[in-house]
Amino acid sequence: MGEVIKAGSWVQIYQVILPAGKRAPQVPEDTKKVPLELKAKGFLQEDAKLGDTVEIKTVTNRILKGELIEVNPSYEHKFGKMIPELLQIGPQIRKIIRDKEV
Amino acid sequence: MAANDYGEVMARKNEIMKKAVGIDYERFATGKIGFDYERMMSEVGYKLDEIIKIQSETAVGKTPFIELKNITKLARKLAPEGKGARIFLKDEAANPSGSYKARRASVSVYHAQKEGYPGVVAATSGNYGAAVASQAVMRNLETIIVQEVFDSRGVGQPEILEKGRKCEAYGAEVLQLSVGPELFYTFLRVLEDTGYFNASLYTPFGIAGVEPLGYEIVEELKERENKEPDAVIITHAGGGNLTGTARGILKAGAKDTKIIASSVDLSGLHMASDHDFNRKSFTTGHTGFGVPFATWPDRADVPRNAARALRYMDEYVTVKQGEVFYITEALAQIEGMERGPAGNTSLAAAFDLAQKMDEDQIIVVQETEYTGAGKHPMAQLNFAKENGIDVRNGDPKEEKAGKSVIIPEHPSQIKAIDVDLDKLKLSYLSKVIEDTNVKEINQVDLEFLADEINKSKKATEEILKREFNLAVVGG
């Protein structure tokens, strides 16, 4: 069941900080229905598999505990597809400032 | 375990905070409501010349000051004859971490180092995290940043994901949380656990750190154009950018410069809602922070917020998300500067306001911020589309936050909409009166409230009587 991830690997863990019933009184209804969750990254302290409860050492040397969810966690944010709704802006305003047209 | 329940930790808030910022706020208390704001700023903070020196040690400030000639030209093409103020821009993206927030972080981090704290913690999903991390590595301190990043589906806001990556690039530990104000609870637990300094955005350190920005603008304009700015426009969220800049402008002697706040209109979206979280295309510079922080500054993570925007605001305007994306594209396409997007909120408003000002006047947009993957109009608009938002070209005044983002079809559709400042001031007074449960107002508090709402004592007294049936006693 799953590959062994070596101690010392750079990983991400997951914790529930406050379960759904224990949220702060002032949060809106939709938020109250879900837990407050946390993700943190650090170096795995002992060999483990994805889904195990593990300890990590963060870059500030703190030990945090949680469910192991990713190895070498990735940055997935990007620019994405061209947005056609923005394409007309450049040509349009260059025309206005170079010609007399408004 | 009970000691770490939400309620238990929150009950220890004041004690934790006192240790983590080292400020005894009690000693600035005056009447039943007020506190001595100027004394707090001068005794806790640093003087302008000290700050300039502190910031020069870590490459903060003295950013390029640029006249946006093509955007000014565009505004003049749309303006009536003789109208169209010159638009200048302070390129704050040139700070080490890519935003004006380096100014705000610099003094806190300096102070933490001086006081012997081993590290700094900040609760922020914005550019401030990277700023703290960047300043802290220069001073060999550890950094922990606590961010609100993802909704209950585990989907992260792209702009915040990028800001988190940048914190990690500077060696910070980043704690990524799901939606909710209990971020503050996690933040308090980290402070307790580490004994690090609370690099709050709202201490006198954070606000005084911005003062040189306003000061530089006035000094540079005087040197280049032999005049003071007619208006300075500031993207407004928590109030620190506006407060610090305005104080710096006043310290440079520019008493007639109009201070204008500008926020993205996100009315209708609830900031603590798991559902609404990923339906906004701006994570800062918006009314969801701008209005509540103006009307109740002490909601911050310190007992007395040093950012008190209503004291300095002469006007407050809003613009739509689509309008800011348009002007962000324009800044790249005719000025050759790719910046933002959130920091361009004030530029969008300035573009419209300049058209109502005279040609020989000058309006200054006082910041830019770095841009990149995730933190870009393309990234935000793709994300909006994925989350069911109607993105289209049209008239931006029809935009409804959380439902649509409307990119103007023509630059003449960009309009800064006035916010009723008197209404905000009433809302502030109402909150203060409710919170302190006062039955009458003494002279010390009258003076405080008049300063808070930037009105004369006489006008304030009249409002208190008329709107709240509260009499002023003594005097």
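Begin by selecting Ile89(A), which has its place in helix 3 (residues 89–98) of chain A, and keep in mind throughout that the model on your screen is a predicted one. Is this residue buried or exposed? Ile89(A) counts as buried, because 25 C-beta neighbours lie inside 10 Å of it, and the cut-off for that class is 20 or more. Now show its surroundings: leaving aside the neighbours within four places in sequence, Ile89(A) is in contact with Tyr326(B), Glu329(B), Ala330(B) and Gln333(B).

If you display the side chains, you can find Ile93(A), Ile96(A) and Ile97(A) of helix 3 of chain A meeting Asn70(B), Lys73(B), Leu74(B) and Lys77(B) of helix 5 of chain B. Sorted by class, this contact has 4 nonpolar, 1 polar and 2 charged residues.

Next, widen the view to the whole meeting of the two chains, where 35 residues of chain A are in contact with 49 residues of chain B. On the side of chain A that touches chain B, at least two residues each are supplied by strand 1 (10–18), helix 1 (29–32), strand 2 (36–44), helix 2 (84–87) and helix 3. Which of these elements gives the largest share? That is helix 3 of chain A, with 6 residues. Taken by class, the residues on this side of chain A divide into 19 nonpolar, 7 polar and 9 charged.

Strands also link the chains, as you can see by selecting strand 2 of chain A together with strand 5 (residues 173–178) of chain B: the two run antiparallel and are joined by 2 bridges. Look here for Lys39(A), whose bridge partner in strand 5 of chain B is Gln176(B).

Within chain B, select the open sheet of 7 strands, which follow the order 1-2-10-7-8-9-13 with mixed pairing. Strand 1 (65–67) and strand 13 (417–418) of chain B stand at the edges, and each has a single partner strand, so one side of each is left without a neighbour in the sheet. Strand 1 of chain B runs antiparallel to strand 2 (residues 86–90) of chain B, with 3 bridges joining them, and in strand 2 of chain B the bridge partner of Phe65(B) is Lys90(B).

For the last stop, select helix 7 (residues 127–138) and helix 8 (residues 158–169) of chain B, whose axes are 8 Å apart at an angle of about 5°. That angle makes helix 7 of chain B roughly parallel to helix 8 of chain B. The contact is made by Asn127(B), Gly129(B), Ala130(B) and Ala133(B) of helix 7 and by Lys163(B), Lys166(B) and Cys167(B) of helix 8.

Key. Residues numbered from 1 in each chain as written. Chains lettered and ligands numbered in written order. Predicted model: local features only at pLDDT ≥ 70, side-chain atom pairs only at ≥ 80, totals over all residues. Axes fitted to C-alpha atoms, helices over the stretch in contact; angles between N-to-C directions. Helix = DSSP H or I, 4+ residues; strand = E, 2+ residues; numbered from the N terminus. Parallel < 35°, antiparallel > 145°, perpendicular 65-115°, else oblique. Contact = placed C-beta atoms within 7 Å. Buried ≥ 20, exposed ≤ 12 C-beta atoms within 10 Å, placed from the backbone. Pairing = 2+ DSSP bridges. Nonpolar A, V, L, I, M, F, W, Y, C, P; charged D, E, K, R; others polar.
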